[in-house]
Amino acid sequence: MFHLLVAYSGWPHGGGSISNRRIYIKSDEESGQLVLNEGGRLDATKVSRFPALLMTEVGGDGPQLARVVYITSVVQGPTETAIQYVAENGIKPIPNEDIESFASQLGISRNALTHTHWEVKQADLFKFLLMNQQKAEPTSQVFSLEAIHQPQPSLVSIMMPFAAEFDPVYAAIQSAVNSLGLKPMRADNFWEHHYVIQDIVNLIARARVVICDLSSRNPNVFYEAGIAHALGKEVILIAQSQDDVPFDLRHIRYVKYLNNAQGLSVLSDAIASRIQTVIGH
């Protein structure tokens, strides 16, 4: 058994609330008997025995992700029921499209995914996640890949050396990206975690396109290019010299440029054209 809780804007971390009118658990249902007390009200002790799948409505105003949690508190008021919950950290966030793909196996109807409510389902949630979703997820012992489930369609992440001599190059790339109505971002103007590598991985994982400047054979950029390729991202390689491109990447086309006014103008045009090709604009 598991609880299915769907909300239009998703569920905040730690706790949320739902209208009592949207709780579709009745005392005369087999499933309801296991989570309701004799007075027909939700029993927090019984509720907490089963996992809960928290979802944003398909097409709703929130991250199109589902999370597995355990409900720790239930407080029913006259019109709203407040709940608190803790995440099941062993299970990564699940894209809504994955839930849709095996919804029938969980006994979930299409209608159930598109409106706010709380119901109890009889299926073995963990079994289906293991069989259909979690086993296919990439993992890492060094950093979290959770951000891969938080894509930002307008984000273009830029991996390059941070030396001052590359500032004009970055400006040329920014100009190209901005001209397409997209958002350029580099790790040095992004701080979300205490560990720099996690911020870099998040930038790569969320991006629609990743640009990697291999110039000066910077080992950090090589590492970041490898992560981007492993995550299946659209990667645009650029370099000032053929000698900057490592052997393992020489079979991939790249944009060669000169770090002067004319060269950077050509680079900007080339990047804009390549991005348009990659994203289909």
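A residue counts as buried when its relative accessible area is under 20%, and this cut-off is applied in the first view of this predicted model.

View 1. T81 belongs to strand β5, which spans residues 80–87. Because the relative accessible area of T81 is 0%, this residue is classed as buried. The side chain of T81 is joined to that of N20 by a polar contact of 2.5 Å. Leaving aside residues up to four places away in sequence, T81 touches G16, S17, I18, N20, I23, L42, V74, V75, Q76 and W118.

**View 2. An open sheet with parallel pairing.** The sheet is built from 5 strands, which follow one another in the order β9-β8-β10-β11-β12, and the pairing is parallel. Its edges are formed by β9 (183–186) and β12 (255–256), each of which pairs on one side only.

**View 3. The pairing of strands β10 and β11.** Strand β10, made up of residues 209–213, and strand β11, made up of residues 234–239, run in the parallel sense and are paired over 5 bridges. Within this pair of strands, I211 is placed opposite I236 of β11.

**View 4. Helices α6 and α7 against the sheet strands.** Helix α6, covering residues 196–206, packs on the sheet and touches β8 (155–159), β9 and β10, with a direction that makes about 135° with that of β8. Helix α7, covering residues 219–230, lies across β8, β10 and β11, and runs at about 155° to β10.

How values were computed: Residues are numbered from 1 along each chain as its sequence is written. This is a predicted model: local features need pLDDT of at least 70, side-chain atom pairs count only at pLDDT 80 or more; totals for chains, interfaces and linings use all residues. Side-chain values use heavy atoms; hydrogens and water are left out. Two strands pair if DSSP finds at least two bridges between them. Helices (H or I, at least four residues) and strands (E, at least two) are DSSP runs, numbered from the N terminus. Contact means heavy atoms within 4.5 Å. Axes are lines fitted to C-alpha atoms, for helices over the stretch in contact, and angles run from 0 to 180 degrees between N-to-C directions. Buried means under 20% relative accessible area, exposed over 50%, partly exposed in between (1.4 Å probe, protein chains only). A polar contact is a pair of N or O atoms within 3.5 Å; within protein, one must be able to donate a hydrogen and the other to accept it, and residues adjacent in sequence count only if both atoms are side-chain atoms.
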